[in-house]
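Hi,

Here is the structure I promised to pass on. Please have a look, and my notes follow below.

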Amino acid sequence: MRCGRSVTTIALAAALIVANAAASAHDESKYPDWSGQWRRPAGVGVQWDPSKRLGRDEQAPLKPEYQAVFEASLADQAAGGQGGDPTYTCIPPGMPRAMTVVFPMEIVILPRVTYILQEYVPMIRRIYTDGRSIPDDEEPAFLGYSVGKWVDEDGDGKYDVLEIETRNMKGPRSFDASGIPLHADNETVVKERIWLDKTNKDLLRNEITTIDNALTQPWTITKVYRRAQNKGPIWWRESICAENNSLIRIGKEVYYTSADGQLMPAKKDQAPPDLRYFNQPGKR
């Protein structure tokens, strides 16, 4: 028994030595400081292109058939519906929309993976930087599968830019709440370049290029995130979409639920849902 314990102790010690060696190999000074809480700058909404107004003004380079899908989304929203925004059912926005950062974001840099954490839904995004390629047999996910590469752009021996490629997404997804659509085939490719602003280390820039079969050409926009400057502790607020969601989908129609739990129409003259499988008052 004593011999067995000794072997176990030796094995544990060896594991700790390996772990410590791996930790020491991670030279944090080579990586940029992206710690803290990142938010959208004041006055910037949730539109995909932050330089434009939400909706048609964004001038998404959509193919004609997908422009028609987008116009139908806008018309439905004008009538009180949800249009082509699938997140009303509380599914995650997925990529690339997740990088709009509706709620604050935290970035954790490790030697082989960088985590992007958001309190919405919540979403945990893993960007593998260990040299792997995107696998062919991975199950699709709303956030897709991301691989990245650190770049020393100015040659000073420190990394400046994280380049990322994301594939293998599933839908439904849209670019933003106006319902700008992505193709139903989910063959989306998202490429990003993230770096700190050269003149303001509290500004993080993300150049995002989306390649998708709903688009006539790759669509490139740049998001900017501002680091929170709290004098005291940084507070994170949990956001659970389903907790106070008053929308309910029955078939292809969306209804509201009132404060007392009653079903309400979402649009003018909306027909009631088909309740044929439920007991009806006065019927047997």
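How much space lies in the second largest pocket? About 260 Å³. This is a predicted model, in which local features need pLDDT of at least 70 and side-chain atom pairs count only at pLDDT 80 or more, while totals for chains, interfaces and linings use all residues. Residues are numbered from 1 along each chain as its sequence is written, and side-chain values use heavy atoms, without hydrogens and water.

A pocket here is an open set of points on a 1 Å grid over the protein atoms alone, where a 1.4 Å probe fits, with protein on both sides within 12 Å along at least five of seven lines; lining residues have an atom within 4 Å of a point. Volume is the space filled by probe spheres set on the points, joined across faces, edges and corners.

The second largest pocket has 15 lining residues, with Ile124, Arg126, Ala141, Leu143 and Gly144 closest to its centre. Strand E4 (123–128) gives the largest share of that lining, five residues; strands are DSSP runs of E, at least two residues, numbered from the N terminus.

The largest pocket holds about 390 Å³. Its lining counts 25 residues, and Gly83, Gly84, Asp85, Pro86 and Pro172 lie nearest the centre.

There is also one disulfide, a pair of cysteine sulfur atoms within 2.5 Å. It joins Cys90 to Cys241, S to S 2.1 Å, and is left-handed, with -75° about the S-S bond. The two cysteines sit 151 residues apart.

Best wishes

Terms used. Helices (H or I, at least four residues) and strands (E, at least two) are DSSP runs, numbered from the N terminus.
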